[in-house]
Every structure is written in C-alpha cells, then in structure tokens.
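Hello,

Here is the structure I said I would pass on to you. Please have a look at it first, and then read on for what turned up.

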Amino acid sequence: MVSQSAQFEDLRSARVLITGGASGIGAALVAGFARQGAKVAFVDIDGKAAETTIKFVDAPYTPRFRPVDVSDIEATRAAVTDLISTLDGLDVLINNVGWDDRHDAEQVTEAYWDRNMSVNLRAAFFISQTCLPALKKSGRGAIINFSSIAFMMNLPDLPVYLTAKSGMIGMTKALAGQFGKDNVRVNAILPGMVLTERQKELWISDQAEAAHRDRQCLKFSLTAEDMVGPCLFLASDSARAITAQSLIVDGGYF
C-alpha cells in the first residue's frame, strides 16, 4: 500500500459521501478520507465488501454505509438523503461508482446500453442533483467525478463504458458552470490503468500490465491508493480556485 502522508487540516471533520466505496478505488478513498479525520459515508451494491472496508478503516469516525443499486434512482436518492442526514450535511461528493465489463459494440442491446449508462453516467448526475442543496449550504462544496483515460485510447472492447466516461467530462464542466456561483466546485479525475483486485482477476494479465507500464513515464503500476492524494487535494481548500478541470492520473502514459 502506498503511504499517504499529506494532511489537509480543512478536511478534518469534513462530511464526505463516496459512491462505489466498498472495493477498489472507492475503498481506498473511504480509508484515505477517514484518515484525514473526515466523516465519511458511502453507498455500494456489495454489502459484504462494504463490511470488510469498514472493518479495516482505522480512524476516529466509523464510515457510514447504505447498500443500494445506483441504477435505481429512487432508492439511491433515499439512501443518499439518509446519509446526508446522518452526516448532518455534506461538503464533498465523490462520484466513483463504475461498471467496466467488456463488451462488443455489435452485440450491445438497448437493455445493456441503458444498464451501463445508468451505472456509469446517469447515477452521477442524479446523485449530484440530490446532494446539491447540502453542498450549497456547506459554502465550500466540492464534487469530484471519476472518468478515465480509457475513452482517449481507442480501446475496442468497452464502447458503452467509454461513451459514459467521456460524458462525465461534459457533465463536470456543465455542473461547474452552473454551480460556481454557489461556491460549489466540480472537477474530474481520469485514472490510468489502476491495478485493483477486480482488474487483476478479470482483465489484466501480467503481460498486459508490463506492456502498459512500459508506456508510462513512471515505471510502476498504479494502485487504488494512487488516486487518494489527487482526490484529497481537489476536495480541499488547497484547490479552492480549481473547478471545471480534468486531472489525469496515469503515470504519464503515452
């Protein structure tokens, strides 16, 4: 695990909501913000993984969790509203949840398209909409959307996912443009190839990892913890003048 030593004093006791926080990048974010002393809540469809994540968080404030399928907007609104109440407000929203199953454009059905978009793009919009009143009230609200460098790489086996992830950039800029007047900042993080357990189990062979790493300026494989520092920065007052921006975190892939 990468050591995250930077401390952002303004994040102490900040109220943070993370989607897809049970595993992978989301779990690293839950732990990372909790170590800052933030009050963290998260949603995820995987209750068992969420219990494991909470168990291993060593912080004064135990993360709060609600199980939900984010494709169900009504249920998601209810879970998010409940967690905001539990946190007594909200300062930071991180739209991290994603579903990156491989698929063939020629085989995509309308049902698959709708399901993929509902998880990878639609949920982020309606969760942001639900959170906006609390973020405005905070006076220092921040939304961080997770996109991906993948949509810029012409990858052949994730057409719907890549469409959604490119859409996250447009949504980021649109929301930043509308809610800047309320001092709500909206930015995006675009990870490179991050070696989560899911990626290693399902998609990334040792050979593929090595080939990708060889095309990075930095010759180490990225882990979920490498996304924590950039996210902390964008959530903090250190980034108070930064909005409508996309931060690529890919080790310098070329």
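This is a predicted model: local features need pLDDT of at least 70, side-chain atom pairs count only at pLDDT 80 or more; totals for chains, interfaces and linings use all residues.

First, the cavity. Searching the whole structure turns up 1 cavity of 30 Å³ or more, and the largest cavity has a volume of about 40 Å³. Its lining is made by Thr19, Asn95, Asn96, Val97, Val119, Asn120, Ala123, Ala124, Ile127 and Met168. Sorted by type, the lining residues of the largest cavity come out as 6 nonpolar, 4 polar and no charged. Which element gives the most to this lining? That is helix 4 (residues 110-138), with 5 residues.

Next, strand 5 (residues 142-146), where 5 of 5 residues are buried. Ala142, Ile144 and Phe146 point one way from the strand, while Ile143 and Asn145 point the other way, and all are buried. Strand 5 has a parallel neighbour in strand 4 (residues 92-95), to which 4 bridges join it. Within that pairing, asparagine 145 of strand 5 is the bridge partner of asparagine 95.

Together with helix 5 (residues 159-179), strands 5 and 6 make a right-handed β-α-β unit. In the loop between helix 5 and strand 6 you will find asparagine 183. Asparagine 183 counts as partly exposed because its relative accessibility is 42%. From asparagine 183 to lysine 137 the C-alpha to C-alpha distance is 9.6 Å, although they are 46 residues apart in sequence.

Strand 1 (residues 15-19) is mostly covered too, with 4 of its 5 residues buried. It pairs with strand 2 (residues 39-44) in the parallel sense over 5 bridges, and arginine 15 stands opposite lysine 39 in strand 2. The chain goes from strand 1 to strand 2 through helix 1 (residues 24-35), and this β-α-β crossover is right-handed. Strand 1 also runs parallel to strand 4, joined to it by 3 bridges. In that pair, isoleucine 18 stands opposite isoleucine 94 in strand 4.

Last, the cysteines. How many disulfides does the structure hold? The number is 0. Cysteine 131 counts as buried, because its relative accessibility is 0%. Cysteine 217, by contrast, has a relative accessible area of 56% and is therefore exposed.

That is what I have for you; enjoy looking through it.

Best wishes

Conventions: Residues are numbered from 1 along each chain as its sequence is written. Side-chain values use heavy atoms; hydrogens and water are left out. On a 1 Å grid over the protein atoms alone, a cavity is a set of points where a 1.4 Å probe fits but cannot get out, and a pocket is an open set with protein on both sides within 12 Å along at least five of seven lines; lining residues have an atom within 4 Å of a point. Grid points are joined across faces, edges and corners, and a volume is the space filled by probe spheres set on the points. Helices (H or I, at least four residues) and strands (E, at least two) are DSSP runs, numbered from the N terminus. Ala, Val, Leu, Ile, Met, Phe, Trp, Tyr, Cys and Pro count as nonpolar, Asp, Glu, Lys and Arg as charged, and the others, Gly among them, as polar. Buried means under 20% relative accessible area, exposed over 50%, partly exposed in between (1.4 Å probe, protein chains only). Two strands pair if DSSP finds at least two bridges between them. A crossover is right-handed if, with the strands pointing away from the viewer, the path from the first strand over the helix to the second runs clockwise. A disulfide is a pair of cysteine sulfur atoms within 2.5 Å.
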